[in-house]
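Hi,

Here is the structure I promised to pass on.

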Amino acid sequence: MKKTIFILAAMTVSAGAFAAQTHLNVGETTIDSGVYSTKQEAYDAGLQKIHDLQQLPGTKLKNKLVIYNPDMVYGSTRLRDMEVKVEPFMEESGKTQYRSTVDVNYHYKVHESKNS
């Protein structure tokens, strides 16, 4: 019984030490939401993109945001804030179109390397 308690206590202490060996990395990216004929369509598409990102678990966010860090803690990616931007531009034909993008700020945990 004493041996079992000692093993459980040792596992708890080592798990706490392991958890303390991480830090947060912060990043940002811009995601294209498409080109639309009206400003409202472009804005709505950006809002839909935000909604879609918010539904993803951290394991899929990493791929969608194209984050590569071999020391990343699996599934730790979280969204911080997002902003829709709509930019008008004119095609060669003279027609005005609207480009929708979403600026995304995020963070994720990284295991401390043994060299730092």
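To start with a detail you can check by eye: which residue in β3 is the bridge partner of R78? It is H107. Bear in mind as you look that this is a predicted model.

That pair belongs to a bigger picture. β2 and β3 run antiparallel and are joined by 12 bridges. Together with β1 they make an open sheet of three strands, ordered β1-β3-β2, with antiparallel pairing. β1 (22-36) and β2 are the edge strands; each has a single partner, so one side of each has no neighbour in the sheet. On average, neighbouring strands are turned by 20° against each other, ignoring direction.

Now the helix on the sheet. α2 (residues 39-55) packs there and touches β1, β2 and β3. Its direction makes about 160° with that of β2. I also checked its length: with 17 residues at 1.5 Å a residue, α2 should span 24 Å, and its end C-alpha atoms lie 25 Å apart, which agrees.

Which residues of α2 are buried? They are A42, A45, G46, K49, I50 and L53. These residues cover an arc of only 145° around the axis, so they sit on the same side of α2. Among the elements covering them are β1, β2 and β3, along with α3 (58-64).

Last, the charged pairs. How many salt bridges does a search of the whole structure find? Two.

- K85 pairs with D103, with the closest N and O atoms 2.9 Å apart. This one links distant parts of the chain, 18 residues apart: K85 is in β2 (residues 78-90) and D103 in β3 (residues 96-111). K85 is partly exposed, at a relative accessible area of 39%.
- R99 pairs with E87, and here the closest N and O atoms are 3.3 Å apart. Again distant parts of the chain are linked, with R99 in β3 and E87 in β2, 12 residues apart. Both residues are partly exposed: the relative accessible area is 29% for R99 and 45% for E87.

Cheers

Definitions and conventions:
Residues numbered from 1 in each chain as written. Predicted model: local features only at pLDDT ≥ 70, side-chain atom pairs only at ≥ 80, totals over all residues. Heavy atoms only, no water. Salt bridge = Lys/Arg side-chain N within 4 Å of Asp/Glu carboxyl O. Helix = DSSP H or I, 4+ residues; strand = E, 2+ residues; numbered from the N terminus. Buried < 20%, exposed > 50% of the residue type's maximum accessible area, 1.4 Å probe, protein only. Pairing = 2+ DSSP bridges. Axes fitted to C-alpha atoms, helices over the stretch in contact; angles between N-to-C directions. Contact = heavy atoms within 4.5 Å. Expected span 1.5 Å × (residues − 1). Arc of directions from axis to C-beta.
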